[in-house]
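Welcome! Have the sequence and the 3D view open side by side, and follow along with this short tour.

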Amino acid sequence: MDYLEQSLEEISKLKNSISFLILTATSIETHHLHLYLKPVNGYDKVIKVFNDKFTFYIGVFGVYQIVHVQCGTMGSISSNSSIITTKEAIDIWDPKAVIMIGIAFGLDEMSQKIGDVLVSESLIPYNVRRVGEQTIYRGSHPEAGHILLDRFKSQAKNWNFKVDENNKASTIFGPLLSGEELIDNKEYRDQLLSAFRNAKGGEMEGIGVSTASVNKKLEWIVVKGICDFADGNKGKNKNQNQNLAAASATSLAHLVLSSPNAFSDLCFIPQKSQSIQIPTQLVKEVLFDFYSLEKEKFYLERGEDKNLSKVLDFYSVWVSGETGCGKTTSILRNLIIRRKSFVYINLAACIGCSINELFCQIYVDLIQNISPKSSPKRFDNLRDIIKEISLLLKSSFPSKENFIYIEEIPVDSEESFKILIQQFFSLIITVNKENIKFIFSSLLSPTDHIVDGQKKIYEKIKFLRYDLWSENDCESLAKIISENLNLLFGEPERKQIIEASGGSPRLIKRIFRDYIVCIDQPNMTLDRILKETLTEFK
């Protein structure tokens, strides 16, 4: 992420707008938090401020303006640890509440899993103890802010975060152990669990955060994902588990802080969405429906495009694939960018027509494109129509290469599609000129209906299948759109759009278009826009 470096004096006016101080302890935790950060109004980047031994970041998390700082060291009481970091951050920024987001260890492998999120109802400082013949734990158990805890409990019901293909993360509320040791020993862990049977997990920074916050009479809470079980296996899949845990905890916190009304009791003012003022013409160009050379910079070239380009030099082509997967745009783009001469015929209006009527429509469209002053003839049978189409093409394109592009082929049933395929093959064979090529586009693939007597058609035509897009291709398209329209989406929001699109580039563009149209409306969020768009799109 790129940041805008500013001095403390340059952004002093933002202090009064800061609602939350958010702390992390590791670079992994910071990375996942920053994926969600967006610039505050009036800025195009998240702000970075250097002050003494700390680096602060100011941005919007959910709908609230926050300041973030990563502790210099893990733990609560050492130099640059959470208590010092929290105290100095509160003194400088005067936030209204404090949240610690990060990773922790769980205590029960049977009922908990990696990626579940622990939310502190209270903290248990297990290092505060008298060690004699018996170990006596003496520290008080500070309770999390009542309003913060209530909002996390109420909003967690709407949270949905997948830890793998089959399982969702759970939220676990309760007391958390907090101490200075990095525990990875099952015997020691079980000793602590025996002493504090109601504990749900443990971490290292919470006591420092709570102490500094309580001293300033601020609400606080600790929100941490489970990355291990402190049982001696911390090193197993360590990076993967820590990233999953940090992503999970950040996702939950982001959901809670996305409610504009949840913290009105604390007098928090949500950041208003910036009014999106993008020139209409630019939106139409970036989110184009029909390709032209002027829109090439907004097009994502994929392997399918390059493959089609090679095939067109030697064969006619039949492209099949689900609706919305980009068949039409890919075909038109290849024809236009390679300066191919072509006649475009769209049969979308021919739903319910007979085979004869379809070919009559093809003939009429060809006449209108090739010889507009001529009057179409009338025919009694399909053979005569195909023969006339063949003669028209041969006489119109005696030597110059030309493509006849027929798309939106209507299909009422598998049987009618099979008959239609056979007639198209008959047309290709009847024309039988190398300079005249056909391009067909349909939802269904014709290869399942090629009978033994038609195998020679493979010498004339290549059959290509376009699938719905991969996550990486969808991500690349969303990035092109976001950057060209200057839409400041965080990575999780882009992923939300991509997941909702189901691999359809058409739906991705529709979502962006609806976002631009609707986002300035009261109470419109990305979640609501996605829900309404998907309902309409279906």
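Predicted model: local features only at pLDDT ≥ 70, side-chain atom pairs only at ≥ 80, totals over all residues.

Setting aside neighbours within four places in sequence, phenylalanine 20 is in contact with Tyr64, Gln65, Ile66, Val67, Pro95, Ala97, Ile99, Leu148, Leu257, Phe263 and Phe268.

## A parallel sheet

Now let's look at a sheet. Strands of a sheet pair through backbone hydrogen bonds, either parallel or antiparallel. Here, five strands build an open sheet with parallel pairing, in the order 14-15-16-13-17. Which strands stand at the edges? They are strand 14 (342-346) and strand 17 (461-466). Each has a single partner strand, so one side of each has no neighbour in the sheet. From one strand to the next, the twist averages 15 degrees.

Zoom in on strand 13 (residues 316-321) and strand 17: they run parallel and are joined by six bridges. In one example, valine 317 has lysine 462 in strand 17 as its bridge partner. Helix 8 (residues 303-311) packs on the sheet, where it touches strand 13 and strand 17. The direction of helix 8 makes about 175 degrees with that of strand 17.

## A buried serine

Next, find serine 390 in helix 11 (residues 382-396). Is serine 390 buried or exposed? Serine 390 counts as buried because its relative accessibility is 2%, and the cut-off for buried is under 20%.

What does the side chain of serine 390 reach? At 3.4 Å lies the backbone oxygen of threonine 430. Leaving out neighbours within four places in sequence, serine 390 is in contact with Leu427, Thr430 and Val431.

## Two loop residues with positive phi

Finally, visit two loops. Aspartate 94 sits between helix 2 (82-93) and strand 6 (97-106). Its phi is positive, about 55 degrees, although aspartate 94 is not a glycine. With 56% relative accessibility, aspartate 94 counts as exposed.

Asparagine 486 is found in the loop that links helix 13 (471-485) and helix 14 (491-501). Asparagine 486 is not a glycine either, yet has a positive phi of about 55 degrees. Asparagine 486 counts as exposed because its relative accessibility is 56%, and exposed means over 50%.

Key:
Residues numbered from 1 in each chain as written. Heavy atoms only, no water. Helix = DSSP H or I, 4+ residues; strand = E, 2+ residues; numbered from the N terminus. Buried < 20%, exposed > 50% of the residue type's maximum accessible area, 1.4 Å probe, protein only. Contact = heavy atoms within 4.5 Å. Polar contact = N/O pair within 3.5 Å; in protein donor to acceptor, adjacent residues only side chain to side chain. Pairing = 2+ DSSP bridges. Axes fitted to C-alpha atoms, helices over the stretch in contact; angles between N-to-C directions.
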